[in-house]
Amino acid sequence: MANLILKDAQIVTDDWHFLGTDEPLPDVAQSIVFPFTRWLDEHEQCLTHPGSKGVALANTDCVTQLVSDLDELHLICIDFPSATDGRGYSQARILRQRYGYKNELRAVGEVLVDQLFLLQRCGFNAFAVQTDQGVCHAAKYLNPFSSYYQ
Amino acid sequence: MALMYQYSPVDQRLVDERVVQFRDQTRRFIKGELSEEAFRPLRLMNGLYIQRHAPMLRIAIPYGLLSSEQLRKLSYVARTYDRSYGHLTTRQNIQFNWLKLEQVPDLLADLATVQMHAIQTSGNCIRNITADHMAGAIEGELEDPRPYCEIMRQWSTLHPEFSFLPRKFKIAMSGAQNDRAATQVHDIGIQIVRDPTTEEVGFRILVGGGLGRTPVIGKLIRDFLPKKHLLSYLEAILRIYNLAGRRDNKYKARIKILVNSLGIEQFTQLVENEWLQLKDNSLTLDDFSIAKIRDHFQPFDYAPVTDGKDVIAAKRNISPAFSAWYEHNTQSHKVPGYRIVTLSVKAPQQAPGDLTDVQMDGVAELADQYSFSQIRVSHEQNLILADVAETDIPALWRVLVTLDLATPNIGSLTDIICCPGLDFCSLANAGAIPIAKQINARFDDMDYLYDLGEIKIKISGCMNACGHHHVGHIGILGVDKKGEEWYQITLGGSAEENATLGKIIGPAVAKDDVAETIAKILDTFVAKRQDQESFLDAVHRLGISPFKKAVYG
């Protein structure tokens, strides 16, 4: 079954392939999300990948290491190992506000609908919402407030 | 006339929408769509705990300031949703202990009608911003901290980046010489200071203070911060903490642990580097936006009071009870002819900080009559009418006596800070309120207490230290020993400008022996006291050994 995510307030099919740590690099023009360690370790090969490129970050990774690659990346995923671990919010704001990253920024892991309004305001525009919460209804949780102080 | 912050339509809408959001979350939990685990952080973010008996809701009183209208609403809430009383906390909040979960959204909607909320009164986020409860009225204040607290309240409310910190985060601010806001034992403590060379008024910032299992006095991170950089500097500190604070062990997750493990020099360096990136961005406060908030806190239009001293003197002459109360429960105001009056929420038979609906309505009425319709709550769990004309004080006192809010014990041994303890709190190991009552029963001779001078007793029912025992002149910590309640005693702590952590005098004492143990400590103090030396000074001069000897032989 197709994997659905919420992106730019729409339900869309996720057509990215998340590359495993031991999986060979494909040479077809497929959209690939690289584990952060492989992106660093196999940097040259990753950059020459003919398809769209993305990186999956843990919330302990230092986003500054991606700065020179931001123009190459069409997707950055930030993992939330638990909904109450808020490090990803800071990573997102640094990527967007300080380094001007413009492409898709996706929250993955324990992403709950009640956190979408905070995630969105930190710069996430895509959400792999936990399936038991129903991605179909997720969009209505994006804007529970008309305005904010920040 | 209300010179306090008034919500704009934007502020009001945000609080209203928060009620709608929480109502939906509560509905989904009750229907089973949200698990207990998923609901937990959501309800905590709105101050709702599941307690020993029933859900407890903590409501924010930003920087301790209430209007009479707000206090009347709290009275209504106590009557309508609770058992007709509320509890003032050590962080300028009020708690209701006997609620029904399904009624909480309606309660919050009622509060929103008077510009009140429970946003971020719990959870691992930036909590209610607290301040000196005498701000704006006390003499010698460099500047009123409350406008800056309101600026921080807005900045921290629903902050997208800092809603899931490693642990809770508490900020306090003081603008006076005497630190009544305990700024040295907060995650961030802010003191309003004047730069000695430029004369500019700005902020001195402390970081990593706190009580709990690992009590620490805050460390200086910046000795002068220009006002306009307040929010960007806070954001830099919070960001470093959010990214680097420990999350593997909740007892090691407060910012004080991070500051201690890195050392203040390295932590400061990280913050300053981060700040260089944030400084001068949209968080910068311009003079206009500061002035706009300060306008809400302009001084009242104080009518001249001419014969106040005579009125007071005459009343003191005929009433020793009034005289004692006046001396202990009122203090001078920055405007001649006015007094700051503390209402003791520490009557001997009552749990410290517990306030009935009748008392709330009574105080609201008094505030309307005598104190510009405003009331303050202090972290010492008392109420303050901060702007009373001397000529009104005798009449005010008569009503306070009938409300049981005139116990003349402010600053004395029975003006006890006390957490809810085992009677209410599911974290507690031992009772705290029964100890306060035991001390009240043992020390009921007010003249003896007045002779002792200022003594602050602070009682916590567990090591989380909500009763601030580490910084009590006498601190009492309840511990559980094989199912029995025992009490560890510390001496010499202070939360004020001379902040110090108390020292443990020896093994915990049995529950029934607490007041007697304190009696031995006080006897030692009286025997060794030099002139009118305060208890705290005596403990610091003598060390704990004479007290230890008196207690344990």
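Two strands pair if DSSP finds at least two bridges between them. Keep that in mind for this predicted model, where local features need pLDDT of at least 70, side-chain atom pairs count only at pLDDT 80 or more, and totals for chains, interfaces and linings use all residues. Residues are numbered from 1 along each chain as its sequence is written, while chains are lettered from A and ligands numbered from 1 in the order in which they are written. Helices (H or I, at least four residues) and strands (E, at least two) are DSSP runs, numbered from the N terminus.

**The sheet in chain B**

- Five strands of chain B form an open sheet in the order S1-S2-S5-S4-S13, with antiparallel pairing.
- At the edges stand strand S1 (48-50) and strand S13 (354-356) of chain B, each with a single partner strand, so one side of each has no neighbour in the sheet.
- On average, neighbouring strands here are turned by 30 degrees against each other, direction ignored; axes are lines fitted to C-alpha atoms, for helices over the stretch in contact, and angles run from 0 to 180 degrees between N-to-C directions.
- S4(B) and S13(B) run antiparallel and are joined by three bridges.
- Opposite B:Thr356 in S13(B) you'll find B:Tyr85.
- H3(B) packs on the sheet, where it touches S4 and strand S5 (93-96) of chain B, and its direction makes about 15 degrees with that of S5(B).

**Domains of chain B**

- Chain B splits into domain 1 (9-112), domain 2 (137-294), domain 3 (308-402) and domain 4 (418-552), with bounds that come from an automatic or database domain assignment.
- The C-alpha centres of domain 1 and domain 3 of chain B are 29 Å apart.
- Between these domains of chain B, 20 residues of domain 1 are in contact with 20 residues of domain 3 (contact means C-beta atoms, placed from the backbone, within 7 Å).
- On the domain 1 side, strand S3 (65-67), helix H3 (68-81) and strand S4 (85-88) of chain B each supply at least two residues.
- H3(B) gives the most to that side, with seven residues.

**Where chain B meets chain A**

- This contact takes 25 residues from chain B and 21 residues from chain A.
- Helix H1 (9-31), helix H2 (36-44), helix H5 (146-156) and helix H6 (230-244) of chain B each bring at least two residues to chain B's side.
- H1(B) provides the largest share of that side, six residues.
- By class, chain B's side has 11 nonpolar, nine polar and five charged residues (Ala, Val, Leu, Ile, Met, Phe, Trp, Tyr, Cys and Pro count as nonpolar, Asp, Glu, Lys and Arg as charged, and the others, Gly among them, as polar).

Definitions and conventions
Two residues are in contact if their C-beta atoms, placed from the backbone, lie within 7 Å.
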